[in-house]
Amino acid sequence: MSEFHSEKNVQRDTDPQGKSATAARLFDIRRIIGGLFVVYGVIVMIAGFTASDADIDKAEGVNINLWTGLGMLALGLFFLVWLKLRPVAPPPPDVVPGDEPRE
């Protein structure tokens, strides 16, 4: 038998629950939303730090980019903390016919 068809490789390829659980954690919407809000929040905050006096005067004396960036950063961090505190539960194992409990 070649090394490509060893029992270890076959076992790894036939684990759909492990792959689906990893994919569910990787593509959790909270991770995507949180990451995007953190990145965009940092970018908008940098724009707020570099705002000129004319830009601040247009917004009636409020550095709107700085405050919006802080808000976006806080929201992104909220989503990432929520993901950390409440991770995705693994899917229940499939029920094999004949293994159901009898009444």
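This is a predicted model: local features need pLDDT of at least 70, side-chain atom pairs count only at pLDDT 80 or more; totals for chains, interfaces and linings use all residues.
Local features are used here at a pLDDT of at least 70 and side-chain atom pairs at pLDDT 80 or more, while totals for chains, interfaces and linings use all residues. Residues are numbered from 1 along each chain as its sequence is written, and side-chain values use heavy atoms, with hydrogens and water left out.

User: How are helix H3 and helix H5 oriented to each other, roughly parallel or roughly antiparallel?
Analyst: Helices here are DSSP runs of H or I with at least four residues, numbered from the N terminus, and axes are lines fitted to C-alpha atoms over the stretch in contact, with angles from 0 to 180 degrees between N-to-C directions. The axes of H3 (residues 29–49) and H5 (residues 64–85) come within 7 Å and cross at roughly 155 degrees. Since angles under 35 degrees count as roughly parallel, over 145 as roughly antiparallel, 65 to 115 as roughly perpendicular and the rest as oblique, H3 and H5 are therefore roughly antiparallel.

User: Where do the buried residues of H3 lie around its axis?
Analyst: Buried means under 20% relative accessible area, exposed over 50% and partly exposed in between, with a 1.4 Å probe and protein chains only. The buried residues of H3 are Arg30, Gly34, Val38, Gly41, Met45 and Gly48. Taking the directions from the helix axis to the C-beta atoms, these buried residues fall within an arc of 95 degrees, so they line one face of the helix.

User: Which exposed residues does H5 carry on the face turned away from its buried side?
Analyst: In H5, the buried residues are Leu66, Gly69, Met72, Leu73, Gly76, Phe79 and Leu83. They cover an arc of only 155 degrees around the axis, which puts them on the same side of H5. The face turned away from that buried side carries the exposed residues Trp67, Phe78 and Leu85.

User: What is the relative accessible area of glutamate 60?
Analyst: Glutamate 60 lies in the loop between helix H4 (53–58) and H5, and its phi is near 60 degrees, a positive value in a residue other than glycine. Glutamate 60 is exposed, and its relative accessible area is 75%.

Key
Helices (H or I, at least four residues) and strands (E, at least two) are DSSP runs, numbered from the N terminus.
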